[in-house]
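This report looks at how side chains pack inside one protein chain. Please keep the sequence and the model in view while reading.

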Amino acid sequence: MVGAGVFAAFAPAARAAGDGLLIGLAIAAVIAFANATSSAQLAAQYPRSGGTYLYGREQLGAWWGFLAGWGFVIGKTASCAAMALTFAAYVAPEGWERAVAALAVAALAGVNLFGVTRTAGLASIIVTVVLLVLAIVVASGIAGAHPGGGLLDPSGLVAEGWYGILQSGGLLFFAFAGYARMATLGEEVREPSRTIPRAIVLALGVAVVVYAAVGVIALASLGAEALGASTAPLVDVVRANDWGWAAPLVRVGGAAASLGALLALIAGIGRTSLAMAREGDLPAPLARVGSRFRVPWVSEGSVAVVVVVLVLTVDLRGAIGFSSFGVLLYYFVANAAAFTQGRGDRRYPRWLQVLGAIGCLLLVAALPWTSVVAGVAVFAVGIVGRLVVLALRRGNRG
């Protein structure tokens, strides 16, 4: 969770809600917790790979599984674009951001084709660097003069209205990506029924504290308007507090976090696409696996091409909004699937799944209208495509 999202999501959230992004952050955290507990409950019953694509198929039917898988693929593809654009915002010369983002996608897709993915050791190094950088950002705000905002005015928290606050929650939900991965580790930890729920609560708690500290410092240092207009907000925070010497370190932290997330995302989407292609929910060629490195090269190559198109055509806010649209609907299916589980598999009360499902839909509805329209259109394309495939299968059997 504590990774590239924190370097990118605060600016569009501030544009939507001003100081109210702090309330949006709390809303996103509550919904993330509900979603994560649903994923944990489902993972305990289905300790196999596939995530909500599998859970939806098993609990609700093939169509629900498809909608979850399609939401994951399109949402995380947009996340790839957001990560690439974030990387470029922190390292590229002005005017070269899109070109650098496209080159980063191509390079990491090439690395993945050789079967090289981010290891747990590399993940630990990246998160350590990120936490150190965020500590520097927070320290600069505590020691600085806060020229842009000063002390936060509580009355400003709702100045932009609840629609803006909910929109900021939907955009900041992007920064929590990864929180439910712990739920899939039921076969690899001792006493999973006790350990996994505690790990989820602890991890979410730490992430919320870190994000809240960074959000408060960013608002106090820059003010909501300047924060919303920033392309590299955490760099601007340290500069505003006369810690210009730390700007290169913040750029390195943002770049490292973005590349690490991008590398893992490309691999993850490729393998989800592989699983969906094997079930007939995506075109069969996407299931091709290389004979030497055993990598789903067609699916990963296709993902890379789509992401390059996105980074050349959309802005960071649009990519984050579209990503949140797909991922929130993915977790809506997770909550619906968990709600249907029987008493023997139930670990959390049903009201928590209802809260998660309603919360996901609220945040989706409050996203920027361009993200909602684009998301509905892409979901419609997926649904029509699957209907055509099913019709062709019936025709062949006839």
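Are Phe72 and Tyr330 buried or exposed? Both Phe72 and Tyr330 are buried, where buried means under 20% relative accessible area, exposed over 50%, and partly exposed in between, with a 1.4 Å probe and protein chains only. The model is a predicted one, in which local features need pLDDT of at least 70 and side-chain atom pairs count only at pLDDT 80 or more, while totals for chains, interfaces and linings use all residues. Residues are numbered from 1 along each chain as its sequence is written, and side-chain values use heavy atoms, with hydrogens and water left out.

**Aromatic rings**

The structure holds 10 aromatic pairs; rings of Phe, Tyr and Trp (its six-membered ring) pair if their centres lie within 6.5 Å, and planes under 30 degrees apart count as stacked, over 60 as edge-to-face and the rest as tilted. Two of these pairs are set out here.

| Pair | Centre distance | Plane angle | Type |
|---|---|---|---|
| Trp63 and Phe66 | 5.8 Å | 85° | edge-to-face |
| Phe72 and Tyr330 | 5.4 Å | 45° | tilted |

Phe72 lies in helix α5 and Tyr330 in helix α14, so this pair ties together parts that are 258 residues apart in sequence; helices (H or I, at least four residues) and strands (E, at least two) are DSSP runs, numbered from the N terminus. Ring pairs also link Phe72, Phe173, Tyr330 and Tyr331 into a cluster.

Trp63 and Phe66, by contrast, are three residues apart in helix α5, and they are therefore separated by about one helical turn. An α-helix has 3.6 residues a turn, so residues three or four places apart point the same way. Even so, Trp63 is partly exposed, with a relative accessible area of 30%, whereas Phe66 counts as buried at 1%.

Charged side chains meet rings as well. Arg386 lies over the face of Trp63, at 4.6 Å from the ring centre, and the charged end of Arg350 sits over the ring of Phe339, 5.2 Å from its centre. A charge sits over a ring if NZ of Lys or CZ of Arg is within 6 Å of the ring centre and within 35 degrees of the ring normal.

**Buried residues in helices**

In helix α4 (residues 51-59), Gly51, Thr52, Tyr53, Leu54, Tyr55 and Gly56 are buried. What covers them includes α3 (21-45), α5 (62-91), α12 (247-278) and α14 (316-339). After α4 comes Gly61, whose phi is positive, near 125°.

Gln167 is found in helix α8 (residues 161-173) and is buried, with a relative accessible area of 6%. Leaving aside residues up to four places away in sequence, Gln167 touches Ala16, Arg317, Ala366, Leu367 and Pro368, where contact means heavy atoms within 4.5 Å. Ala365, in helix α15 (residues 350-366), counts as exposed at 54% relative accessibility.

**The cavity**

How many cavities of 30 Å³ or more does a search of the whole structure find? The search finds one, where a cavity is a set of points on a 1 Å grid over the protein atoms alone at which a 1.4 Å probe fits but cannot get out, and lining residues have an atom within 4 Å of a point. The largest cavity has a volume of about 80 Å³, a volume being the space filled by probe spheres set on the points. Among the residues that line this cavity are Lys76, Phe173, Ser323 and Tyr331, and α14 gives the most to the lining, with four residues.

Methods
1 Å grid on protein atoms, 1.4 Å probe; cavity = no way out; pocket = protein on both sides within 12 Å on 5 of 7 lines; lining within 4 Å.
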